[in-house]
Amino acid sequence: MSADFCGLELAHPIINASGTFDAIAARRAFGEELIERFPFSAFVSKTVTLAPRQGNPPPRLWELPAGLMNSIGLPNKGLEGYLAHDLPELARLPVPLIVNVMGFSRDEVARLVSAFAARDEVAALELNVSCPNVETGLVMGTDPDEVARLLAAVRPLTAKPLIVKLTPNASDVTAVARAAEQAGASAVSLINTIKGMAFHPLTGEPWLGGHTGGVSGPAARAIALAQVHAVSAAVSIPVIGMGGVQSGRHAADLRRAGATLVAVGTESFRDPAAGLRIAAEIRAFSYDAP
Ligand SMILES: Cc1cc2nc3c(=O)[nH]c(=O)nc-3n(C[C@H](O)[C@H](O)[C@H](O)COP(=O)(O)O)c2cc1C
């Protein structure tokens, strides 16, 4: 069940989805046991931005019958804070570290990529392109040309694998994936959350502090499967599939749709050992079993 991903030899194909597993907090809660039995074969950090961010005002969560909607708003310590505080701790994990970055302009992304290109602790970078480019007003990941221009700016800055994290909120995710591949992306990952909304039951105003939020969990699974299937057929670079994975069967479905690796997100909130369980289940799962 080992997996070769962009030159990284991983013990199995199950990794975490960015922002859904805080390895530093988990180490405090579970101690050395977490390191000895780390649930994922690579660790993807929460999104890092150039400047520190407080995130969105509360409320930040709304539970759905089959999932979760969040408008966390990417709170983080910013590049300097991450390098000083988080990177040394995450570098001690027993698996390769993938750092997820996001910028509000190509220049910001370029500065983040350059900073991490210089760090041996970082095995690969994931570009979160689900945010607007303040220079063009376009959400980078919804427009193939925006993604191509972004890759043209950052690809020359590092030899490390660059994973483009695609948003399902694009009208044609395969066109964006192809543009990323042609501009030098090493891999694509998908899906990020799907845009959603809920109203306050008493006032009728938007419930979430950010007004809209991102839908994840089982509600996203069928959409993820269709998009991973379409993107895998459209590109020849590796695909990381995610969206609503709760079991080995769900992970096997995404692999059958073409994903090399499968990321577990929302399920880790319900079951912090979900990564270990799903990695064991996918080993045992076979479509050919009677
Ligand atoms: C609470 C929460 C926080 C998230 N934070 C990030 C983030 O910082 N960066 C990112 O690229 N995706 C983030 N995501 C999206 C997930 O990485 C993943 O793409 C999405 O949730 C679909 O997978 P899932 O259904 O297994 O959760 C977040 C999702 C949730 C639920």
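How much space lies in the largest cavity? About 30 Å³. This is a predicted model, where local features need pLDDT of at least 70, side-chain atom pairs count only at pLDDT 80 or more, and totals for chains, interfaces and linings use all residues. Residues are numbered from 1 along each chain as its sequence is written, and side-chain values use heavy atoms, with hydrogens and water left out.

**Cavity and pocket**

The structure holds one cavity of 30 Å³ or more. A cavity is a set of points, on a 1 Å grid over the protein atoms alone, where a 1.4 Å probe fits but cannot get out. A pocket is an open set with protein on both sides within 12 Å along at least five of seven lines. Lining residues have an atom within 4 Å of a point. A volume is the space filled by probe spheres set on the points, which are joined across faces, edges and corners.

The lining of the largest cavity includes Val101, Leu127, Asn128 and Met140. By class, that lining has eight nonpolar, two polar and no charged residues. Here Ala, Val, Leu, Ile, Met, Phe, Trp, Tyr, Cys and Pro count as nonpolar, Asp, Glu, Lys and Arg as charged, and the others, Gly among them, as polar.

The second largest pocket holds about 390 Å³. Its lining has 20 residues, with Phe21, Asp22, Ile24, Lys46 and Asp86 nearest the centre. Nine of the lining residues are nonpolar, six polar and five charged. Helix H3 gives the largest share, four residues.

**Ligand site**

The ligand is surrounded by 23 residues (a heavy atom within 4 Å). Ser18, Thr47, Lys165, Gly244 and Thr266 are the closest. The shell has six nonpolar, 15 polar and two charged residues.

Taken alone, the ligand exposes 610 Å², and the protein buries 96% of that (Shrake-Rupley method, 1.4 Å probe).

**Sheet**

Eight strands form an open parallel sheet, ordered S3-S14-S13-S10-S9-S8-S7-S4. Strands (E) are DSSP runs of at least two residues, and helices (H or I) of at least four. Two strands pair if DSSP finds at least two bridges between them. S3 (14-16) and S4 (43-44) are the edge strands, each with a single partner, so one side of each has no neighbour in the sheet. S7 (97-101) and S8 (122-128) pair over five bridges. Val99 has Leu125 of S8 as its bridge partner.
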